[in-house]
Every structure is written in structure tokens, then in C-alpha cells.
Amino acid sequence: MSESRLRLGIVGFGNMGRALALGVRQNEGLNSSFALGVYEKNPAAALPPDLVCAPDAAALAEASDLLLIAVKPYHVAPLLAEINSALRPDHLLLSIAAGVNLDFLRKHSRERCPVARIMPNTPALVGRGIFGLCFGPGVPPDRQEIVRRLLAALGMLIEVEESKMNALTALSGSGPGYVFHFLESLAEAGVSIGLDRASSSSIALELLRGCAEMAAQSSLHPAILREQVSSPAGTTIAGINHLDRQGARGLLVDAVRAACARGLEMEEEA
Ligand SMILES: NC(=O)c1ccc[n+]([C@@H]2O[C@H](COP(=O)([O-])OP(=O)(O)OC[C@H]3O[C@@H](n4cnc5c(N)ncnc54)[C@H](OP(=O)(O)O)[C@@H]3O)[C@@H](O)[C@H]2O)c1
């Protein structure tokens with residue numbers, strides 16, 4: 001292990017902690033820049049054999065330069081109480097907990113080190129995550145660059161003001177939920193009109209993949225791409241008209257707004 005590697009500690013090896021740790025492991029550049037440490041309190045969580053679990057969270061904090069908190073939002077305050085005597089001014093505390101804001105992190109870490117807030121999403125598991133990022137005060141520029149480099153190598157990085165973090169959480173953090181719901185619904189629709197479930201599921205998946213790739217490669221607005229498949233008096237326009245009459249767009253907008261409102265509520269409850 002090179003001594004020049006920065007020590008990245010991850011507390012919580014659940015869905016996201018695991019995705020981020022494995023993302024770092026699988027990326028040659030990151031793997032040579034970061035020495036990874038983890039602490040997971042649940043003995044049932046299967047760590048890769050070459051990743052040793054620290055004895056406790058405070059020991060991991062002491063042995064880390066960057067400490068990433070990947071536990072559920074309601075576990076953040078007790079965790080910070082447990083580790084805050086181990087935090088030093090040269091630490092950088094990173095949290096991915098939804099609805100846990102920078103003020104909360106600063107207060108519960110007793111302002112012993114600078115903090116930053118990250119909002120990932122689960123496609124990070126396959127190297128296609130979206131990461132919202134905002135820094136609290138006092139994060140040295142070189143540390144900021146390190147965090148940007150880390151996240152940009154794991155997916156798409158979007159730096160936002162903290163006031164936009166809940167909006168970003170509602171769109172990209174919760175986004176996989178909407179997309180998987182849509183995917184599942186399309187597959188059900190195929191079954192409903194007589195396709196077998198396996199074919200219908202494969203078609204729905206490839207449809208989403210193909211359309212996402214086509215939209216990404218095209219310079220055309222999605223509305224134009226949609227018009228191009230809506231011939232006069234054809235089948236597609238009949239389906240689209242139904243979606244419009246039922247207010248499908250409004251429903252989706254309302255779903256994202258509900259998620260955003262819930263994020264604000266969670267911040268107030270914290
Ligand atoms: N999953 C997502 O889509 C997503 C997206 C964006 C952001 N996030 C955020 O990511 C964070 C983690 O979510 P997740 O889905 O990965 O949760 P998760 O699967 O429940 O993983 C959290 C892990 O941390 C463990 N843990 C709890 N307290 C701990 C402590 N004090 N020390 C060490 N380990 C501890 C938990 O053990 P126990 O099970 O025993 O409690 C669990 O194994 C959350 O704050 C969430 O808001 C998640």
C-alpha cells in the first residue's frame with residue numbers, strides 16, 4: 001500500500017456504502033489514490049475478504065483522512081456522538097444521508113472538522129451514479145478537488161448550493177425509484193396485452209436503455225424525438241393522447257415535488 005494514498009474511511013457497508021467502496025476498488029485511478037477502510041456494525045454485512053472491518057467507528061475515524069458517513073439518516077446523530085472525539089481539524093467528514101443538512105453535521109460533529117454533503121443514487125452500483133455535492137465552510141481547496149475527483153470518477157458530479165440539495169435528492173436520489181416503477185409498469189402493460197412476462201420485461205428494459213442512449217446521443221429535444229414517432233392517426237399518438245388526458249406529466253411532477261417536500265420535512269425533524 002502506497003503511503004501517499006489518502007485514507008478514505010466509510011462507515012456503513014449497506015447498499016450505498018458498498019456501492020461506493022466497490023466503485024473505488026474497481027477504478028484503477030481511485031484505487032491507487034485512496035486506501036480504503038470501513039466500519040460496519042452489522043455482522044451480517046458481507047465485506048470483501050480483503051477489506052478489514054475497523055474495530056469501531058472512532059478507530060476508523062482516527063485512521064482516515066476523509067470519513068464518509070453511509071448510515072441511515074436517523075443513525076447519523078448517534079454515530080457522530082460516538083466518533084466526534086476522534087475527529088481532527090484536518091479530517092473531512094462527508095455524509096450521504098438524505099435530508100441531513102450541513103448545519104446538522106457541523107453541530108453534531110461539534111465543528112471539529114469541515115463537512116460536505118453528497119447525494120448519490122443507486123446506479124453508482126454499476127458506475128453510473130449521479131452525485132450532488134455541496135461543501136460546508138472551511139473545506140481546503142485541495143480537499144475539495146480530491147472529493148470532486150473521487151465522485152467524478154464514480155459517475156456524474158453536480159455541485160449545487162445546499163438550498164438545491166433537496167431538489168436534487170428528489171430528482172436523482174429518488175429517481176431510480178420512479179424509473180424502476182415505470183420499467184415495471186411497462187412490463188406489466190406488455191403482459192396485459194398478451195406478451196409473456198419474460199419477453200415483456202426484456203422489451204421494456206431494452207426500450208428504456210435504447211431510448212436513454214438515443215436521447216443522450218441526439219441533439220434533439222425529447223419532445224421532438226417523441227413527435228418523430230407519433231405519426232398522424234397512428235398507434236403512438238393514440239397512446240400519448242391517453243397519457244396526456246390522464247395527466248401523466250402532472251403526476252410525475254407531483255411525485256418529484258412530494259419527494260422534495262418530504263426531504264424538507266426530514267431536515268426539520270432532524
Ligand atoms: N439507497 C439509496 O437509494 C440512497 C440514495 C441516496 C442516499 N442514500 C443515503 O445513504 C445512506 C445509506 O443508505 P443505504 O440504503 O445504504 O442504507 P443501508 O443499506 O441500511 O446501510 C447502512 C448500513 O450501516 C449500518 N450502520 C448503522 N449504524 C451504523 C454505525 N453506527 N456504524 C456502522 N454501521 C452502521 C447498518 O446496519 P444495520 O442494518 O444493522 O442498521 C447498515 O448495514 C442513507 O443515509 C440514505 O439516506 C441512499
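How many Å separate the centres of domain 1 and domain 2, taken over C-alpha atoms? The answer is 33 Å. The domains themselves run over 6-165 for domain 1 and 175-268 for domain 2, with bounds that come from an automatic or database domain assignment. This is a predicted model, so to speak of local features takes pLDDT of at least 70, side-chain atom pairs count only at pLDDT 80 or more, and totals for chains, interfaces and linings use all residues. Residues are numbered from 1 along each chain as its sequence is written.

Where the two domains meet, seven residues of domain 1 are in contact with five of domain 2 (contact: C-beta atoms, placed from the backbone, within 7 Å). The domain 1 side of that meeting has three nonpolar, four polar and no charged residues; here Ala, Val, Leu, Ile, Met, Phe, Trp, Tyr, Cys and Pro count as nonpolar, Asp, Glu, Lys and Arg as charged, and the others, Gly among them, as polar.

As for the chain overall, its C-alpha atoms fill a box of roughly 70 × 40 × 35 Å along the principal axes. Of its 270 residues, 31% are buried (20 or more other C-beta atoms within 10 Å of a residue's own).

Then there is the core. The largest nonpolar core holds 52 residues, a core being a set of buried Ala, Val, Leu, Ile, Met, Phe, Trp, Tyr and Cys residues joined through C-beta atoms within 7 Å. Val11, Leu20 and Ile69 have the most contacts inside it. Leaving aside neighbours within four places in sequence, Ile69 touches residues including Val11, Val76, Leu79 and Leu93.

Key:
Buried ≥ 20, exposed ≤ 12 C-beta atoms within 10 Å, placed from the backbone.
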